[in-house]
Amino acid sequence: MADPMKIRAQMAGDKATVRVLMAHEMETGQRKDSAGKAIPAWYIQTVSAKHNDKPVMSAQWGPAVAKNPFLQFNLKGAKAGDKVSITWVDNKGDTRTDEAVVS
Amino acid sequence: MKAWKAASLLGALAIAGAVGAQSKSTADGIAEYRKMLEDGNPAELFEAKGENLWKTQRGPKNASLEQCDLGKGPGVVKGAWVELPRYFADTKRVQDLESRLLTCMETLQGLNAAEIAKTPFGRGEQANMEALAAYVSAASNGMRMNLPQAHRDEQVMYELGKRAFFFRGGPMDFSCASCHGESGKRVRLQDLPDLTKNPGDGIGFAAWPAYRVSSGELWSMQRRLNDCYRQQRFPYPGYASDVTVALGVYMGVNAKGAQSIAPAIKR
Amino acid sequence: MKTRREMLQHGAAVATLLMGAGLLPATARAQATGYKAAAFETKSMAELMKALGAGAPTESKDVTITGPDIAENGAVVPLGAATTLAGVKSLLILVEKNPSIMTSMFELTDAVEAAVNTRVKMGQSSNVYAVAMMNDGRVLYAQKEVKVTLGGCGG
Amino acid sequence: MNHKITLTAAALVATLVVAGCAALQPMPSSQELDAQAAAMMKASFREQGIATMDRIEQDLGQKACSSDKAPSAKVAAQIEEAALASVKWPADGKYLGDWKEGEKLAQNGRGMTWTDKSTDPKGNGGSCYNCHQVGKAELSYGTIGPSLYNFGKLRGVADPADPKSAEVVKYTWAKLWNSKAYAACSNMPRFGHAGLLNEEQIRHLVALLLDPKSPVNQ
């Protein structure tokens, strides 16, 4: 199973800055191993964000997003104590959801 | 984090001063790039994994590492990293963090330390070692390097480490000192800390373990030294071997007073 | 959800790729639902806009691309896309000289600001773009150059 | 009961003696530490792929340049003399190759590590940019060695084939072949002498440094 994400959601004025780190290889499929065999592509394809269970953003990624991906965005009209949850799904169908509380 | 910003700024100024106006923009650009990465250091992912591993009952003895003595008493993690390597009475050896973790994994959890030492970096229990190193070092983030030198064996290891540091060999005649024996130098665009003295807060020994952007992995000092020796074109240093621990003592003692920013983020 | 139009375009893009490269395209792999695989196979801004069913892009001062002038390592290059305009449907981050031009696409709602940051891989120095796809069909972009340097001992 | 106490006390005394010994034992002499360090190097490393254990058997120069103190003037002169005598000059008298190939070698920092497959110089680079500024276009260069920008121009080489340039041409060749000919403890590898680059590759590097058309001399 994939390792947990690290989500930080901090109030800055009337909005919350959300920073997410995800543990994922983001293998492009274009690299070869030491034996010269192609390493199969393995990367996150979709990421979705919810604010108190309401979908607020969804992203589609290709294999060019860096390993152990970072994502930052700002939530409007958030307040301390609100819930932010992030879900990713990769090209193998693996998925992970983690949440954080706005502080 | 603050220390790191100051450090990268200082580094940038040093480069600008050393090589003049033409490359000033290059140095500024690199400093800007490093600053942009500070805001989300994936080392945090390893830290979280390491904390979980520390507290999880594992191995044939089904025990956690919570009773592991890293030098400040069983279970004390905070402040341990900035005093390692140090002498341990139970093993009668000077040990660095990784060497000590191996001892704990063997004695407390019943895992096979020799097997783990032989495992390639980033795989199996070695991946766990990196996470544990991230966790332990993070607990001393912001503290100052303060390796003990009271025990005779610690003093001997310092002297041996110094000799290893200056040891030239291999087809390229490199020693650690070839790159890290002078201030203000760089390889390509990377600043090279002078490790024969305290190179400053958050620089050199006080900046490892670190997340390596180039490999997307967490590198403990053992792995850092291993790759240094690879680039020196030397034979392969054993994991937690005496030469690696001695170098840790030499660099760590020289860095006395430097503020640790581990786990840092590096190219 | 994939619309019928997108499906058709997808098919067309696959056919083009097959003809061009003579290889089994990556689109044959399993995909997350609604994943715009065809868009991730394109190599130029024009091809990408075609794959997304969008019009011609125009450069705009209201869109910003943030990123370093020089990257110490191409494996991780922090890039951001933002716009001050209202009515944004999605933001795209592109790297011109990558094998596939689109790195990421962010579909927004009114609950988030039109400003996202992520980190991408770059194989070489290249122009990078932030593209704002507007609800009214306009496609606006900003660009900058990012130099990727060789670092360390290079061994 | 009594017996047990005696035993414990004896153990305690023994522990104290051992601990006391360790604490009171004097530091080894400098020579003893040198010997311990040599033994440590042997015990800590192992062969891996092409990186064999003979790599940490030091020759005279490596040994003399392995401390924070420079060797004596006499030893340094001895090393430099031997290094200059070791230089193999091109058999066909041809010193200059293709600067474009030289630039590629200068950029390439690969070769001779335990992850490389072969020690054949053909797969190796010259790693020049790691330590030197070379051409002006490359921003990513090191500063361990001096800048080589305008190397030929600064030395008045307008035509490397001109006999007037012969001295500089030969110096450049020798410096690349065995850098220790001009500085006993130079940080620079001995590219020809150590088999890191072959004659043809060194010719390309000489061209990179001296050819007036090379970006180095623009």
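A:Asp53 is exposed, with a relative accessible area of 54%; exposed denotes over 50% relative accessible area, buried under 20%, and partly exposed the range in between, using a 1.4 Å probe and protein chains only. The model is predicted, so that local features need pLDDT of at least 70 and side-chain atom pairs count only at pLDDT 80 or more, while totals for chains, interfaces and linings use all residues. Residues are numbered from 1 along each chain as its sequence is written, chains are lettered from A and ligands numbered from 1 in the order in which they are written, and side-chain values use heavy atoms, with hydrogens and water left out.

The phi angle of A:Asp53 is near 70°, a positive value in a residue other than glycine. This residue, A:Asp53, is found in the loop between strands β3 (44–51) and β4 (54–61) of chain A. Helices (H or I, at least four residues) and strands (E, at least two residues) are DSSP runs, numbered from the N terminus. A second residue of this kind is D:Ser127, whose positive phi is near 55° although the residue is not glycine. D:Ser127 is placed in the loop between α5 (99–107) and α6 (128–131) of chain D. In contrast to the exposed A:Asp53, D:Ser127 is buried, with a relative accessible area of 12%.

Strands of a sheet pair through backbone hydrogen bonds, either parallel or antiparallel. Two strands are said to pair if DSSP finds at least two bridges between them. Strand β1 (residues 6–12) and strand β2 (residues 15–21) of chain A are paired in the antiparallel sense by seven bridges. Within this pair, A:Arg8 has A:Arg19 of β2(A) as its bridge partner. The hairpin of β1(A) and β2(A) has two residues between the strands, and A:Gly13 takes a positive phi near 70° there.

In chain B, attention turns to an open sheet of three strands, ordered β6-β5-β8, with mixed pairing. Its edge strands are β6 (217–219) and β8 (264–266) of chain B, each of which pairs on one side only. From one strand to the next, the twist averages 35°. Strand β5 (residues 210–212) of chain B runs antiparallel to β6(B), and three bridges join them; B:Tyr211 stands opposite B:Leu218 in β6(B). Helix α9 (residues 221–231) of chain B lies across β5 and β6 of that chain, at about 90° to β6(B). Such angles run from 0 to 180 degrees between N-to-C directions, and the axes are lines fitted to C-alpha atoms, for helices over the stretch in contact.

Two cis peptide bonds may be located in chain B. One joins B:Trp208 and B:Pro209, with omega about 0°, and B:Pro209 lies in the loop between β4 (190–192) and β5 of chain B. Another leads from B:Ala262 to B:Pro263, with omega near -5°; B:Pro263 is in the loop between α10 (242–254) and β8 of chain B.

Chain C may be described as a whole. Of the 155 residues of chain C, 52% count as buried. Among its contacts (heavy atoms within 4.5 Å) between residues at least 6 apart in sequence, 60% join residues at least 24 apart.
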